[in-house]
Amino acid sequence: MKFCSLYSGSSGNSMYIEGAHGKVLVDAGLSGIRITTALQLIGADPTKLKGILVTHDHSDHIKGIGILSRKFNIPLYLNEATWMAVKDQIGKVRDENICLVEKDRPFSIDDLWIRPFSLHHDAADPMGYSISTQTRKISIVTDTGILDEAMYGAIRSSDLVVMESNHDVNMLMAGPYPYFLKKRVAGNQGHLSNDSAADVIIRLAEEGLTKVVLAHLSQENNFPLLALETTKNKLKEKGLDQVVSVEVAARYEPGTPYEL
Ligand SMILES: [Zn+2]
Ligand SMILES: [Zn+2]
């Protein structure tokens, strides 16, 4: 299995995942041109994509899904509430390329077995995804205010986890956002903080997780190094810093390509 983050953050999100046959994107929240450019940079062919898995209807996740679907004839996988929320924003998509899926109802695309699960976020019906082959598993968790036990159950025993590490709570509270927005970001329907992300990562690492990509960092309320150090320090306290690799997904360019 291969994984590469193409873009990450409130300026736009997209991730590339490849099995032996199936090749998919999770979200396409930038222009079609920028996503295509990033795919070419990592040596992936956009015409070979078998699907775009859509997490939710916010523009930083859907901006390019319509154009990419039209241009390369790619099916969009999303739930009904998300489809209703995005269909008037993304232009005409061919009927056969609208694939409605439901959380906790796994489906497959070629050799990829995909399980959508519920997130806690102020969108129509947001979903995270865990994507498996026969021997490997990757889970994607961004845009959620909390990580509950059902979500934990969906992502456990992954080989690689992409975990939102959106903000530092102190930076958020002392920062320039108006009060209502601070409350939204920090709330149960908002985004995971560095500390919350680190706590989940510790638990997963204690069960054997060895690869972590921190994602969806806030530009105003976080620094890549701060997110990284928060998780690495907690891993170190548990003596796990040497066995778990952690990196931050870059905002404007593809990150490290992983081969699992
Ligand atoms: Zn987002
Ligand atoms: Zn969102």
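Is H58 buried, partly exposed or exposed? I looked up its relative accessible area, which is 21%, so H58 is partly exposed (buried is under 20%, exposed over 50%, partly exposed in between, with a 1.4 Å probe and protein chains only).

I noted that the model is predicted, that local features need pLDDT of at least 70 and side-chain atom pairs pLDDT 80 or more, and that totals for chains, interfaces and linings use all residues. Residues are numbered from 1 along each chain as its sequence is written, chains are lettered from A and ligands numbered from 1 in the order written, and side-chain values use heavy atoms, without hydrogens and water.

Zinc ion (ligand 2). I found its protein donors to be H56 (NE2), H58 (ND1), H121 (NE2) and D143 (OD), at 2.2 to 2.5 Å. Donors are N, O and S atoms within 2.8 Å of the metal (3.2 Å for Na, K and Ca); water is not among the atoms, so sites may look incomplete. I read the donor spacing as H-x1-H-x62-H-x21-D. H58, in the loop between β4 (51-53) and α2 (59-62), and H121, in the loop between β8 (112-118) and β9 (127-132), link parts of the chain 63 residues apart (helices are DSSP runs of H or I, at least four residues, strands of E, at least two, numbered from the N terminus). H121 is buried at 3%.

Zinc ion (ligand 1). I listed D60 (OD), H61 (NE2), D143 (OD) and H216 (NE2) as coordinating it at 2.1 to 2.3 Å. D143 bridges this ion and the zinc ion (ligand 2), 3.4 Å apart. I also checked burial: D143 is buried at 1%, and H216 is buried at 2%.
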